[in-house]
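Colleague: Could we go through the ligand sites of this structure together? I would like to understand what surrounds each ligand.

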Amino acid sequence: MSNAAQHVAIIMDGNGRWAQQRGRPRLVGHHAGAKRIREIVEACPAVGVKYLTIFAFSTENWKRTQSEVSGLMRLFKRYIRRESQALIDDGVRVRFIGDRMNLDDQLVSIMDELELVTSHNKKVNLTIALNYGGRDEVTRAVKRLAREIEQGKLAAKQVNAKVLAGFLDTHFLPDPDLVIRTSGEARISNFLLWQSAYAEYEFIDTLWPDFKADEFSQLVSKFGSRERRYGAVS
Ligand code: IPE
Ligand code: IPE
Ligand code: MG
């Protein structure tokens, strides 16, 4: 039985090692990594991917040196400014997930602006996880849900998986079908914990700055031949 990967999520890992192999600072790897995104987004329609979600910065990445963190924040601003026209031209709707509270105001306002100017696009839905962590997301969701119960807008007995999912940052997204992690690490590092309950995983050795549309398309095609049972017997 063949099925299409409607939603592919990617843990874009290996930028630091890519730079290190070249004797360059880690930020050079992050810049090379950011440049790869457009080609992957543009490869989506041909392979039937409607939703692409990419992990750009985790809630744990604040533990890195101050210079790497501030370099990444500058890169995110630059990336958004530089790519917004191409995203519009490609029919890409961009949305961000993650906690915006700890991001600087200028970055948050250009994120809001990009969401707004691409809000009518329909070809590809690109979701960028920025200051995102699965546990943090579930915690924030439960806090909002608890507040609604406190205020009498919701009864505890009404809470089920669907209701909780509606409070997550990803409430507008279908669950990911396929999660790809580059750079050879076989872990999920707090990415889409709730949403990936039945996702298929691909851990590949390629470092993110070397990841090309060909490899992406091959992984998506390979996914099409897997049988997903969701706990049942085929
Ligand atoms: C992923 O690349 C990008 C971010 C986490 C921001 P890394 O920076 O983790 O690269 P490695 O894992 O050190 O090679
Ligand atoms: C996960 O990669 C986060 C992103 C790709 C943005 P990390 O490099 O931060 O994850 P660990 O530290 O190897 O688990
Ligand atoms: Mg890493």
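**Ligands and pockets**

Modeller: In this predicted model, an N or O atom in the side chain of aspartate 13 lies 3.2 Å from an oxygen atom of ligand 2.

Colleague: How far is the polar side-chain atom of asparagine 61 from an oxygen atom of ligand 2?

Modeller: For asparagine 61 the distance is 2.9 Å. The side chain of serine 189 also takes part, with an N or O atom 2.6 Å from an oxygen atom of ligand 2.

Colleague: And how much of the accessible area of ligand 2 does the protein cover?

Modeller: On its own, ligand 2 has 390 Å² of accessible area, and the protein covers 78% of that.

Colleague: Which residues surround ligand 2?

Modeller: The shell consists of Ile11, Met12, Asp13, Phe55, Ala56, Phe57, Asn61, Arg64, Arg181, Arg187 and Ser189. By class, five of the shell residues are nonpolar, two are polar and four are charged.

Colleague: Which strand gives the largest share of that shell around ligand 2?

Modeller: That is strand β2, residues 51-58, which contributes three residues.

Colleague: Let us turn to ligand 1. Which residues surround ligand 1?

Modeller: Around ligand 1 one finds Met12, Asp13, Gly14, Asn15, Gly16, Arg17, Arg26, His30, Ala56, Asn61, Arg64 and Leu72. The class division here is three nonpolar, five polar and four charged residues.

Colleague: What about polar backbone atoms, such as that of asparagine 15, and an oxygen atom of ligand 1?

Modeller: A polar backbone atom of asparagine 15 is 3.2 Å from an oxygen atom of ligand 1. Arginine 17 uses its side chain, where a polar atom lies 2.7 Å from an oxygen atom of ligand 1.

Colleague: How much of ligand 1 does the protein bury?

Modeller: The protein buries 87% of the 380 Å² that ligand 1 exposes when taken alone.

Colleague: Which elements give two or more residues to the shell around ligand 1?

Modeller: Those elements are α1, residues 15-21, and α2, residues 26-43. The largest share comes from α1, with three residues.

Colleague: Now the pockets. Where does ligand 1 sit, and where does ligand 2 sit?

Modeller: Ligand 1 sits in the largest pocket. Ligand 2 also sits in the largest pocket.

Colleague: What is the space in the largest pocket, and how many residues line it?

Modeller: The largest pocket holds about 690 Å³ of space. Its lining has 31 residues, and those nearest the centre are Met12, Phe55, Ala56, Asn61 and Arg64. Among these, Asn61 is also part of the shell of ligand 1 and of the shell of ligand 2.

Colleague: Which elements each supply at least two residues of that lining of the largest pocket?

Modeller: They are α1, α2, β2, α3 (66-89) and β4 (124-132). By class, the lining of the largest pocket comprises 17 nonpolar, eight polar and six charged residues.

Colleague: One more topic: what is the volume of the second largest pocket, and which residues line it?

Modeller: The second largest pocket has about 150 Å³. Ala161, Ala165, Gly166, Leu168, Thr170, His171, Leu173, Pro174, Asp175, Trp194 and Gln195 form its lining.

Colleague: How do the residues of the lining of the second largest pocket divide?

Modeller: Six are nonpolar, four are polar and one is charged.

Note on methods:
Residues numbered from 1 in each chain as written. Chains lettered and ligands numbered in written order. Predicted model: local features only at pLDDT ≥ 70, side-chain atom pairs only at ≥ 80, totals over all residues. Heavy atoms only, no water. Near = heavy atom within 4 Å. Polar contact = N/O pair within 3.5 Å; in protein donor to acceptor, adjacent residues only side chain to side chain. Areas by Shrake-Rupley, 256 points an atom, 1.4 Å probe, with all protein chains shown as cover. 1 Å grid on protein atoms, 1.4 Å probe; cavity = no way out; pocket = protein on both sides within 12 Å on 5 of 7 lines; lining within 4 Å. Sits in = over half its atoms within 2 Å of the grid points. Helix = DSSP H or I, 4+ residues; strand = E, 2+ residues; numbered from the N terminus. Nonpolar A, V, L, I, M, F, W, Y, C, P; charged D, E, K, R; others polar. Points joined across faces, edges and corners; volume = space filled by probe spheres on them.
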